[in-house]
Every structure is written in C-alpha cells, then in structure tokens.
Amino acid sequence: MIAYIEPYFLDNDSDAASVAGQSFDGVSESLDIEGEIVCGGAATDIAGKDFGGMNCVKPLAVVRPVGPEDIAGAVRAALRSDKLTVAARGNGHSINGQAMAEGGLVVDMRCAAENRFEVGFSPGGAFVDVSGGALWENVLKRCVSEYGLAPRSWTDYLGLTVGGTLSNAGVSGQAFRYGPQTSNVTELDVVTGNGDVVTCSEMENSELFFSVLGGLGQFGIITRARVLLQPAPDMVRWIRIVYAEFDEFTRDAEWLVSQKDESTFDYVEGFVFVNGDDPVNGWPTVPLHPDHAFDPTRLPQSSGSVLYCLELALHYRVSDSISTVDKRGEKLIGRLRFIKGLRFEVDLPYVDFLLRVNQSEEMAKVNGTWETPHPWLNLFVSKRDIGKFDRTVFKELAKNGVGGPMLVYPLLRSRWDDRTSVVLPEGEIFYIVALLRFVPTCAKASSVEKMVAQNQEIVQWCVRKGIDFKLYLPHYNSREDWIRHFGNRWSRFVDRKTMFDPMAILSPGQKIFNRAP
C-alpha cells in the first residue's frame, strides 16, 4: 500500500496550487446536493482565508451541506474529476491554511451544525451526539442548561467545531485527568475520501475510528461525534500563582498532574510572562480581577527576564460550604513553592470559566487584532528537554514576549490513546508549549515575517539540538519534515491514507499528499 501512494507525497518542488483555475462548469453537474453551492468571489470571501491570516487562496466553490450525504456528494464529485480536492472548514480557526483547498471544494461544516443534538445514557455513562460542525461553546451551553451535564475535556477557546478539534487532539487544563478530546469520544460518523458515509467506534470499523481521531482531516470528514458527559459543577475557584524559577514551576506542575483525581485541582495550566510592566506581555496579564494588583516588590532579586504562572481551578457545587472549598484549596496550595504574596483568585460560574477567553476575543475584535495575522506556534516538548527549551526560547528568543500568551504546562501520555493518529514525544510527562502571537494593527508586513521567521528558528533549533518535540497543529512543506514528524508511525499514516483516501482528495491544505491523477 505504501508503494501505491508514494508518487503522491508532496515535496518542496510540488505545486499545491496545481488545481487552481479548474472550471466549475466541469464538475457542477456531478454535485447533486440539496444544499447551496457558492462560487466565484463569494467563495473566496467565505473560505479564502483563515484565522492565521497568512495565506489567501481561491477555492473553486464552497459547499453548504444540509447533511452527510451532501458532504459525500462533494467527495464523489471530486473523485470523478481529474484534480479536484475537498477540505472541511469549521470555524476557520486554522493557522496555516490547513482547512483551505485552492481550486477545490470547501465544505462549510457550520451549515449542518444544528443537525444533531441528542443526549443519551449507556452503561458507560452519559453522552451527547452532536454534529461535526457544532461549536463546542454551544454544546457546553446546551448540555449544562438543559441537562446539568458537560463534556469532560475542553480547549481553552470554545469557538471551534467538534470535528475540527477531534481532527487534531483538543487540549486544555483538564487533559491531564481525562486526556484530550480525542480520548473522550466513543463513536463517529465519517465521510471518507472514498465518498462513503461510515459509522465507526472502537468496536466497529475501528481502524477508521482511530485514523480520523487526530488524523488532520486526511482520512475522513467527521459529521457526528458521540461525546462523553459528566455532571457539571456549578462554580469554579480560579487561582493564579507566580514563580521566579522554572524548575520550581515545573516540579509543582508535574506533582499536581500526577496526583489522583481527588488529590489535586480540576484544571492545571501554566504560562510564561515578561518580568516587567508591559500591559500585553508582563505583570498586568496575571491578576484575575481589576481590583487585583501585581506587586513586583514581592519578587526575589534573583528573578530573571521572564516569570512563570500556574493557573489552577477547583470545581464545586453551590451547596458546598465555602469553608470546605477553602480547606481543599489551601491543602493543595500549601504544598506548592510559589512566591508568597503573588497569588490571585476569583470564584465564578463554571460556564463563565470555560468561556473566559470570550472576553479576550471581544477585546481583540474591538482593537482590531482579531483580524490581523496570527503566526502561532504550538508544540509538544518532552519533559527531558523542557528545561533546555526554557533556557533558549523563553529566556532568550522570547524574553520580550510574543504579543500574546506563552502557554506551557504538563500532560500525561497515559491519558492518550496510541491507536489514534496523534504523535507525541517520548516519556509519560510532556509539555504543551503555545506561542500565541497577536499582531498589532499598526504592524508592518515585515513584522509578521519576523515572527514567522522566529517560529522557524525555534523549530530548526529543536531539530538541530535533538529536542524531543512534535508540532501540535502541524504544518510542514516537505515530505522529509512529515516523515520526521511521524517517525516510526509514518508507514501507518500512509497505509491509512491508502485505505480511506487513496486518491488524496481530502485536506490538501495540510500539504502532506498530492492529489492523485
């Protein structure tokens, strides 16, 4: 199977835009769908750009499906053509054009977002069946308000589609306990690259099920997901504590995520910030309430150019006594070696906590930075090498900040299923690192280029120094880079492509495979 698909790997000399200019008239008769088809400039307006803002392409058309059969119809039309490709687009939050299809068909998954919402119960517990195009934010609100239930694992930003995050992993501060979102689904409906509509699970069509989870959209388009639920708490105690030393920060973070469920917080994340009064990158980003103030006189004289913050949360019910919540929190906090006097906390409703990024989104939209380019870099780095990463990247390359959050916190490999298509660093504990750059509206194009160049410099440094890392939300332009990324799982990835999308119809924006002639 590997030999069969070898000619269709994308390399540095390949032209991913080779399908550009294909006439819509040539495939329109094959698109027998109930939904709407948008072409021309209107299609480019809808799907020619993504949140990253660094790529702009012209799709042949945008398909607005009414259901899975329309999506399958788009794939079958592509199969009958010479060069047509198909990309599923959720909320357009990809960074490097992963959900684009130059000269191809883009399926707007949001159009069928409300097709499914059904809560059920099985011996394994509660679940909800939702459309692949549903936003996690809407799933949260409906599950909590109508049933008092909630999914177990989240992303920090919930304006993302279910199918979109499951095609990558879906990570946040709950993943150390429950695993990523890919570890919290039990069944999928998928449209494969063969144009088939297939239901799959761990027991039924399992190879497709695990291929699609974390599969970067290469094997199928998720049209329905069965997501595990649990009782939703009422309230959250949200805490931030500050560290001057990276070693102490990581020791405490690793201790917290390694404890049994009842012996630790319900949410553990962390971030790096600049040791200064920069309102975007420094001290002012840490307090949780306008009445809180960051007191730099509390910092030890040995503090360096950057500082570290653990972000923690305890769930509780309104029926719980505050003294009980206080005792639980203090018992855990008392074990940690943060800088005394640099602790901030607030209590807020559970849904408000999970939607906390919405406020930042609204602010970014007001000041214009939501629409500017976002040269983000997301990586998984092994525990073995995270100290080296800190010394070179945080303390040197990014010591003045990146114009947005610099996340870093530990995850547990044992909470991930090796059968999915996600690849991870070695070892039980590894870290997610996210440099979430926001470009000021006044910035010149050269500024964006410098940010992209710095991202490349970081990745190249990791490769050169033998850092055990994987890109999260990966994007490469050469076959050699993809082979290095997947390592000993590359052949499995290729075999799965041959099985479920042998003509390389799906997700051309990932630039892994070329469309087969």
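Residues are numbered from 1 along each chain as its sequence is written, and because the model is predicted, local features need pLDDT of at least 70 and side-chain atom pairs count only at pLDDT 80 or more, whereas totals for chains, interfaces and linings use all residues. Side-chain values use heavy atoms, with hydrogens and water left out.

An open sheet of four strands shows mixed pairing and has the order β1-β2-β4-β3. Here the edge strands, each pairing on one side only, are β1 (36–39) and β3, and the twist averages 25 degrees from one strand to the next. Strands β1 and β2 pair in the antiparallel sense over four bridges, with V63 in β2 as the bridge partner of I37.

Helix α4 (residues 68–79) has 12 residues, which at 1.5 Å a residue should span 16 Å, and the distance of 17 Å between its end C-alpha atoms agrees with this; the expected span is 1.5 Å times one less than the number of residues. Buried residues are those under 20% relative accessible area, exposed residues those over 50%, and partly exposed residues those in between (1.4 Å probe, protein chains only). The buried residues of α4 are D70, I71, A72, G73, A74, V75, A77 and A78. They pack against β2 (61–64), β3 (86–89), β4 (105–108), β8 (185–192), β9 (197–201) and β10 (220–231), contact meaning heavy atoms within 4.5 Å.

Strand β6 (residues 125–131) is largely enclosed by the rest of the structure, because six of its seven residues are buried. A hairpin joins β5 to β6 through two residues, and strand β5 (residues 117–122) pairs with β6 in the antiparallel sense over six bridges, the bridge partner of F117 in β6 being V130. Strand β6 is also joined to β10 by five bridges, the two running antiparallel, and S131 has R224 as its bridge partner in β10.

A nonpolar core is defined as a set of buried Ala, Val, Leu, Ile, Met, Phe, Trp, Tyr and Cys residues joined through side-chain atoms within 4.5 Å. The largest such core has 136 residues, of which V171, L188, F294, L312 and F389 touch the most other members; its largest share, eight residues, comes from strand β13 (residues 306–316). When residues up to four places away in sequence are not counted, the contacts of L188 include L166, V198, F209, V212 and I222. A second, separate core of 20 residues includes I33, A78, I505 and L506.

V422 is placed in the loop between β16 (406–412) and β17, and counts as buried at 9% relative accessibility. Residues up to four places away in sequence again being left out, V422 touches N168, A169, L213, G214, W416 and R489. V422 and F486 are 64 residues apart in sequence and 8.6 Å apart in space, C-alpha to C-alpha.

With a disulfide taken as a pair of cysteine sulfur atoms within 2.5 Å, the count comes to zero disulfides. The closest cysteine sulfur to that of C111 is in C39, at 15 Å, which is too far for a bond. C111 is partly exposed, with a relative accessible area of 36%, whereas C143 counts as buried at 0% relative accessibility.

Methods:
Two strands pair if DSSP finds at least two bridges between them. Axes are lines fitted to C-alpha atoms, for helices over the stretch in contact, and angles run from 0 to 180 degrees between N-to-C directions.
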